[in-house]
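Student: I have a protein model open and would like to go through it. Can we start with a helix and then look at the rings?

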Amino acid sequence: MTTRMTVKPRPVLHSVTALALLAAAACFTLELRRTEAGNAPTAPTLTENALAAPLAANGAADREPLDRSWQRLRNPDRSVLRGADGELLATFTDGARTATLTGPSRTFTEPEHTGARIVTTDWVRLLPRAWERGAERQRWFTDWLRRQLGSTEDDLFATAFQYTAGAPVRKDRNGVPYAGDASFGPLPKGSRDASDRLKQSDFPDYLGVPHTFPDGTTVRPDPRRHRSLDCSGYLRAVLGHRGGYPLAPNDEAGGGLPRTADAMARSGLGTEVVPRSGGSAEGTGRPASLDTLHPGDLVFFELKRNGGRLDHAGLYLGRDTDGHQVFISSRSEADGPTVGDTGGASRLDGEGYYAQAFRTARRL
């Protein structure tokens with residue numbers, strides 16, 4: 001007996017058709033996934049202390065170049081930008097507008113008062129607003145960094161040396177000198193001692209024109225103090241009038257950098273990077289360490305030993321070619337801004353006059 005298998009054509013055809021459709025759908029789905037994967041943006045990679053390719057605040061595709069990375073450091077809290085080989089590109093300190101960027105090497109000298117040479121790759125600039133953690137992702141900062149990193153436009157250091165002995169006069173569009181060799185202040189009548197030169201010469205005195213502050217206060221120049229800047233007036237000229245940092249008309253008004261060295265140190269502006277001795281605001285001893293100082297910091301001194309009141313201020317420049325930690329300030333003995341030794345070596349290390357009088361530092 002022969003057994004026959006009956007074949008039903010239509011069900012077989014349906015099965016073959018279904019399998020073909022499923023295979024086609026699978027191929028289409030796989031290809032679609034490949035296409036979507038190829039078009040998807042690469043997610044930023046996060047490591048413990050660094051942020052690679054941080055996004056801008058608006059979520060745009062404007063990213064940090066892949067050969068740069070961000071790192072968080074402490075004491076003081078700050079963010080540093082590094083290059084592909086780990087080299088330092090910039091430093092931004094929490095609560096401060098002062099930023100230090102690495103750029104072309106420069107040499108600063110002041111032959112009239114010193115043989116010291118400051119050779120530096122530090123370029124100190126002011127941010128549009130105080131730094132905070134995570135600001136590297138914000139549009140205001142990415143735009144600022146794109147303009148400033150590698151820029152050779154005058155920074156705070158270049159501006160500071162435009163008032164030292166022998167510096168040429170620079171005038172604005174109206175013919176008003178805004179830079180050039182500055183005096184400290186006038187001598188009292190009958191005195192020939194340089195150390196007797198009078199304080200209280202602010203940037204309006206140097207310019208010889210009135211200045212109206214944001215609170216509406218107008219300060220008029222004293223003709224006797226024309227082209228003069230005392231220590232705090234000098235910092236206000238460099239950081240404020242030229243650099244754009246807000247200025248207050250006096251020590252009491254608030255809203256900006258105060259008028260005197262003591263008020264600047266106690267203002268709470270920026271970040272204190274070298275606390276006063278013993279952590280007390282009235283500390284009268286030298287700081288235990290200078291390790292947290294950074295180029296661009298404001299440094300404050302107690303020269304007269306008058307109960308803790310700080311009576312001198314300068315701008316920290318870093319180390320000179322001999323390894324000393326030096327600053328620039330306006331002083332009576334040199335009759336103006338100097339990084340020299342007249343009236344005491346401009347050093348924070350060692351046992352010199354200013355080194356022993358150094359009390360605290362602040363990063364604006």
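Student: Which residues are buried in α5?

Tutor: This is a predicted model, where local features need pLDDT of at least 70, side-chain atom pairs count only at pLDDT 80 or more, and totals for chains, interfaces and linings use all residues. Residues are numbered from 1 along each chain as its sequence is written, and side-chain values use heavy atoms, with hydrogens and water left out. Buried means under 20% relative accessible area, exposed over 50%, partly exposed in between (1.4 Å probe, protein chains only). Helices (H or I, at least four residues) and strands (E, at least two) are DSSP runs, numbered from the N terminus; in α5 the buried residues are Cys231, Ser232, Gly233, Tyr234, Leu235, Arg236, Ala237, Val238, Leu239 and Gly240.

Student: How many aromatic pairs are there?

Tutor: Rings of Phe, Tyr and Trp (its six-membered ring) pair if their centres lie within 6.5 Å; planes under 30 degrees apart count as stacked, over 60 as edge-to-face and the rest as tilted. By that rule, the count is 19.

Student: How far apart in sequence are the parts that Trp70 and Trp131 tie together?

Tutor: The two rings are stacked, 5.8 Å centre to centre with 20 degrees between the planes. Trp70 is in strand β2, and Trp131 is in the loop between β6 and α2, so the parts they tie together are 61 residues apart.

Student: Which helix holds Tyr354, the partner of Phe301?

Tutor: This pair is edge-to-face, at 5.5 Å and 85 degrees. Phe301 is buried, with a relative accessible area of 0%. Phe301 lies in strand β12, and Tyr354 in helix α7.
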